[in-house]
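Biologist: I'm new to this one and would like a close look at a single part of it. Could you pick a residue from the core, tell me what surrounds that spot, and then walk me outward from there?

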Amino acid sequence: MGSDVFFIDMRASIKRTRLQKISDLMEKVKWDTPLPKKSLVAIKIHFGEKGNTSYIHPVYVRKIVDKVKSWNLKPFLTDANTLYVGSRANSVDHLVTAIENGFDYSVVGAPILIADGIRGASEEEIVINQEIYERVYIGTEIVNADAIVSLAHFKAHELSGFGGTIKNLGMGCASRRGKMAQHSEVSPKVNKKKCIGCGTCSLHCPANAIRVSDDDGKAVTFDDLCIGCGSCLVVCPQNALEIRWDTDGVKFQKKMVEYTMGVLKGKEGRCIYINFVTNITPECDCYHYSDVPIVNDVGILASNDPVAIDQAAYDLVNEQPGRTDSRLKKAHEPGANKFKALYPKIDPEVQLEYAEKLGLGTRKYNLIKVK
Ligand code: SF4
Ligand code: SF4
């Protein structure tokens with residue numbers, strides 16, 4: 001038997017607005033066991049990189065915040081800092097970007113807490129004992145929250161084929177060390193042309209794994225000492241430290257799933273998953289732009305099963321006709337796999353298969369349209 005995935009399309013009328021439909025959708029996935037009054041609920045969202053315009057609209061987010069408040073709970077919006085140098089790599093920049101993208105209290109009605117501290121080092125170690133990881137590193141405020149509402153923008157993704165609920169949780173809730181572990185196997189690489197030998201990285205390194213060499217006056221890393229915390233990446237004033245991106249798509253997705261397991265550990269029965277299958281861009285919202293969507297808006301899904309909701313969103317997108325004015329150059333016919341057409345070297349179903357194998361949910365679902 002499959003899990004229920006509730007669905008609203010994007011139609012609206014004078015009698016029933018999208019905001020009313022979102023409110024109705026939320027009622028379908030309310031926790032079975034009521035949480036104690038005033039429980040703290042983390043609404044995990046991606047605020048969008050500066051310049052990106054395809055992230056979830058803050059007015060929709062306010063409706064979800066209002067609904068959680070109506071259940072006598074205390075919601076806050078959250079995300080963890082990014083690994084790469086951009087407009088969300090530390091909490092100060094992250095908050096400024098979030099507010100400039102519309103996630104101000106006056107709009108969304110909830111405060112923002114960045115989950116992993118000012119430089120991404122505030123984390124909790126969660127023991128999971130799985131194939132790749134014995135333990136994973138999750139942003140402290142996500143772990144501290146009593147419950148989670150995952151608000152994922154479902155779109156194509158250059159590393160995992162697609163990004164939905166599993167990616168929003170597994171990658172999005174990881175601390176800097178956790179993100180580093182998922183993206184790369186080894187220490188950062190020094191770009192010798194950019195390095196000025198200032199030693200700031202060395203001062204911040206908790207493992208003595210990066211030092212300025214007496215030979216050439218440039219930083220040098222030591223793989224055997226590096227714990228992959230990523231601190232040096234954010235403090236270097238020259239952006240001279242680069243991530244050695246892990247190119248193995250299968251392992252990357254499995255790592256992401258194991259991190260999702262860590263995020264959800266201890267919160268069984270206290271999670272709601274929502275996928276906005278809208279603005280389905282060819283790349284993730286970490287880019288400072290948003291390209292034309294590969295298919296038209298499909299709708300919004302909600303479920304208590306993180307695997308079923310991603311499977312349903314994946315199928316719904318593939319059932320659509322592809323947009324010929326987008327980056328999608330083939331697989332335009334309904335039913336053709338849009339994600340494999342965009343990223344032929346990545347099998348996006350790895351994350352679904354592995355998540356089901358680890359018992360996070362089922363790929364079987366009952367799609368129920370909310371009237
Ligand atoms: S902080 Fe950057 S510029 Fe300074 S020594 Fe380290 S790598 Fe070089
Ligand atoms: S990633 Fe962390 S442990 Fe590794 S060199 Fe950089 S600061 Fe040091």
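Modeller: Let's start with Ile43. Skipping the neighbours within four places in sequence, Ile43 is in contact with Ile64, Val65, Pro75, Phe76, Leu77, Thr78, Ala110, Val149 and Leu151. Keep in mind as you look that this is a predicted model.

Ile43 belongs to the largest nonpolar core, which has 87 residues. Together with Ile274, Val277, Leu301 and Ala302, Ile43 is among the residues that touch the most other members of that core. The largest share of the core comes from helix H11, residues 306-319, which puts in eight residues. There's another core apart from this one, with 18 residues, including Leu83, Ala89, Met180 and Leu233.

Now back to two of the contacts of Ile43, namely Ile64 and Val65. Both are on the list of buried residues of helix H2, along with Pro58, Val61, Lys63, Lys67 and Val68. Notice that two lysines are in that buried set, Lys63 and Lys67.

While you're looking at H2, here's how the spacing works. An α-helix has 3.6 residues a turn, so residues three or four places apart point the same way. H2 itself covers residues 58-70, 13 residues in all. From its first C-alpha to its last it reaches 18 Å, close to the 18 Å expected at 1.5 Å a residue. After H2 comes Asn72, and its phi is positive, near 65°.

You'll find Lys38 in the loop between H1 and E2. Lys38 counts as exposed because it has 9 C-beta neighbours inside 10 Å, and the cut-off for exposed is 12 or fewer. Then there's Asn129, another residue other than glycine, with a positive phi near 50°. Asn129 sits in the loop between strand E5 (123-127) and strand E6 (135-139). With 8 C-beta neighbours inside 10 Å, Asn129 is classed as exposed.

Staying with E5, have a look at Glu125, which lies in that strand. Glu125 has 14 other C-beta atoms within 10 Å, so it comes out as partly exposed. If you leave out residues up to four places away in sequence, Glu125 touches Arg135 and Tyr137. Trp71 is 54 residues from Glu125 along the chain, and their C-alpha atoms are separated by 30 Å.

Next, zoom out to the whole chain. The domain assignment gives domain 1 as 3-182 + 249-369, and domain 2 as 185-242. The C-alpha centres of the two domains lie 32 Å apart. Where they meet, twelve residues of domain 1 are in contact with eight residues of domain 2. On the domain 1 side, the touching residues split into six nonpolar, two polar and four charged.

What about the ligands? Ligand 1 has 14 residues around it, and the ones that come nearest are Cys195, Cys198, Cys201, Ala219 and Cys236. Ten of the residues in that shell are nonpolar, four are polar and none is charged. Ligand 2 also has 14 residues around it, with Cys205, Ala209, Cys226, Cys229 and Cys232 coming nearest. Its shell has nine nonpolar and five polar residues, and no charged ones.

Glu242 is found in strand E13, residues 241-242. Glu242 is partly exposed because 16 other C-beta atoms lie within 10 Å. Setting aside neighbours within four places in sequence, Glu242 is in contact with Pro188, Lys189 and Asn191. One of those, Asn191, is 51 residues away along the chain, yet the C-alpha atoms of Glu242 and Asn191 are separated by 7.1 Å. Lys369 is in strand E16, residues 365-369. Lys369 is exposed, with 9 other C-beta atoms within 10 Å. Asp9 is 360 residues from Lys369 along the chain, but their C-alpha atoms are separated by 8.2 Å.

Key
Residues are numbered from 1 along each chain as its sequence is written. Chains are lettered from A and ligands numbered from 1 in the order in which they are written. This is a predicted model: local features need pLDDT of at least 70, side-chain atom pairs count only at pLDDT 80 or more; totals for chains, interfaces and linings use all residues. Helices (H or I, at least four residues) and strands (E, at least two) are DSSP runs, numbered from the N terminus. The expected span of a helix is 1.5 Å times one less than its number of residues. A residue is buried if 20 or more other C-beta atoms lie within 10 Å of its own, exposed if 12 or fewer, and partly exposed in between; C-beta atoms are placed from the backbone. Domain bounds come from an automatic or database domain assignment. Two residues are in contact if their C-beta atoms, placed from the backbone, lie within 7 Å. Ala, Val, Leu, Ile, Met, Phe, Trp, Tyr, Cys and Pro count as nonpolar, Asp, Glu, Lys and Arg as charged, and the others, Gly among them, as polar. A nonpolar core is a set of buried Ala, Val, Leu, Ile, Met, Phe, Trp, Tyr and Cys residues joined through C-beta atoms within 7 Å. A residue is near a molecule or strand if its C-beta atom, placed from the backbone, lies within 6 Å of it.
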